[in-house]
Amino acid sequence: MELKDLIEGFRETATASVADAVDKVTGRKGYLDETIKPRINDKKIVGPAVTVLEGPTDEFIPPQHALDAIDESSPGSVIVISIAGDANVAVWGGLMTAGAVANKHEGAVLDGAVRDITEIRRDYDFPVYARATSPGTTLGRHKTLAANEPVPVGDVIVHPGDIVVGDIDGVVVVPIGKAEEVLEIAREIDVREAEQAKLIMQAGSLREGLAKYGRI
């Protein structure tokens, strides 16, 4: 299945079903920590990950790998920035958002904080999923170390090209090598849940729906 078809398929599938399917296919969780949530709007995002790794420094230098990734990545990318869960500094702000919008990216997922929220909401309405909000800069605290390498976001490793699916339920990372299988199972879960919900409403019984489908 081509990437564009995978992306469209995941866009039409419940994020919770995708999380369950990743559990089943890979034997490990693919959803990120619950603190990584939408900070700008409730738009769903689906796209291939472009990864950036940051680490501690006392140098006052710009986040060059992140800036390059924004300008050089394909439209529709999700920029994923790993910073060891430091929620007290912003790894994303208004100017990076302007660059992402100009390059037609899908969204950003941050293991740290975002700032300039009023500006981003007012001028761009660009989806940013972040661990926190903070006015603090990375300058003198963190620098970018690498791009397009596997990076940790909490206890999930994100590889370049993995499909990132996010909405108000949270963010799920789908390994690209398993994406087609995950999508197939997630779609099956969606169908079963719709049938189960219909049965519950018709029977007036949650237990009856659970007895037939064994799912909650």
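This is a dialogue on how to read some features of a predicted model.

Reader: Where do I start, and what secondary structure is in the protein?

Author: Start with the elements. The protein has seven helices and 11 strands. Its radius of gyration is 18 Å, close to the 17 Å that the globule rule gives for 216 residues, so the protein is as compact as a globular protein of that length. Along the principal axes, the C-alpha trace spans about 65 × 35 × 30 Å.

Reader: How much of the protein is buried?

Author: Of the 216 residues, 50% are buried.

Reader: What share of the contacts joins residues 24 or more positions apart?

Author: Take the contacts with a separation of 6 or more. Residues 24 or more positions apart account for 73% of them.

Reader: And the charges: how far apart are the mean positions of the positive and negative ones?

Author: The protein has 23 positive and 35 negative charges, and their mean positions are 5 Å apart.

Reader: How do I read one face of a helix?

Author: An α-helix has 3.6 residues a turn, so residues three or four places apart point the same way. Now take helix H3, residues 64-72, in which Ala66, Ala69 and Ile70 are buried. Seen down the axis of H3, the buried residues fall within an arc of 100 degrees, so they line one face of the helix.

Reader: What covers the buried residues of H3?

Author: The cover includes strand E2 (45-56), strand E3 (78-82), strand E4 (90-92), helix H4 (94-102) and E7.

Reader: Which exposed residues does the face of H3 turned away from its buried side carry?

Author: That face carries Asp71 and Glu72. For Glu72 the relative accessibility is 65%, so it counts as exposed, the cut-off being over 50%. The C-alpha atoms of Glu72 and Asn103 are separated by 8.5 Å, although these residues are 31 apart along the chain.

Reader: Is Asp125 buried, partly exposed or exposed, and what of Asn148?

Author: Asp125 is partly exposed, with a relative accessible area of 31%. Asn148 is partly exposed too, and its relative accessible area is 45%.

Reader: Which residues does Gly170 contact, leaving aside its neighbours within four places in sequence?

Author: With those neighbours left aside, Gly170 is in contact with Thr15 and Val165.

Reader: What about Leu3: in which helix is it found?

Author: Leu3 is found in helix H1, residues 3-11. At 39% relative accessibility it counts as partly exposed. Leu3 and Pro48 are 45 residues apart along the chain, and their C-alpha atoms are separated by 8.7 Å. Leaving aside neighbours within four places in sequence, Leu3 is in contact with Pro48 and Ile163.

Reader: And for Lys198 and Ser73, what distance separates the C-alpha atoms?

Author: The distance is 43 Å, for two residues 125 apart along the chain. Lys198 has its place in helix H6, residues 179-203. With a relative accessible area of 53%, Lys198 is exposed.

Technical notes
Residues are numbered from 1 along each chain as its sequence is written. This is a predicted model: local features need pLDDT of at least 70, side-chain atom pairs count only at pLDDT 80 or more; totals for chains, interfaces and linings use all residues. Side-chain values use heavy atoms; hydrogens and water are left out. Helices (H or I, at least four residues) and strands (E, at least two) are DSSP runs, numbered from the N terminus. The radius of gyration is taken over C-alpha atoms; the globule rule is 2.2 Å times the number of residues to the power 0.38. Buried means under 20% relative accessible area, exposed over 50%, partly exposed in between (1.4 Å probe, protein chains only). Contact means heavy atoms within 4.5 Å. Lys and Arg count as positive and Asp and Glu as negative; His and the chain ends are not counted. The place of a charge is taken as NZ of Lys, CZ of Arg, CG of Asp or CD of Glu. The arc is that of the directions from the helix axis to the C-beta atoms.
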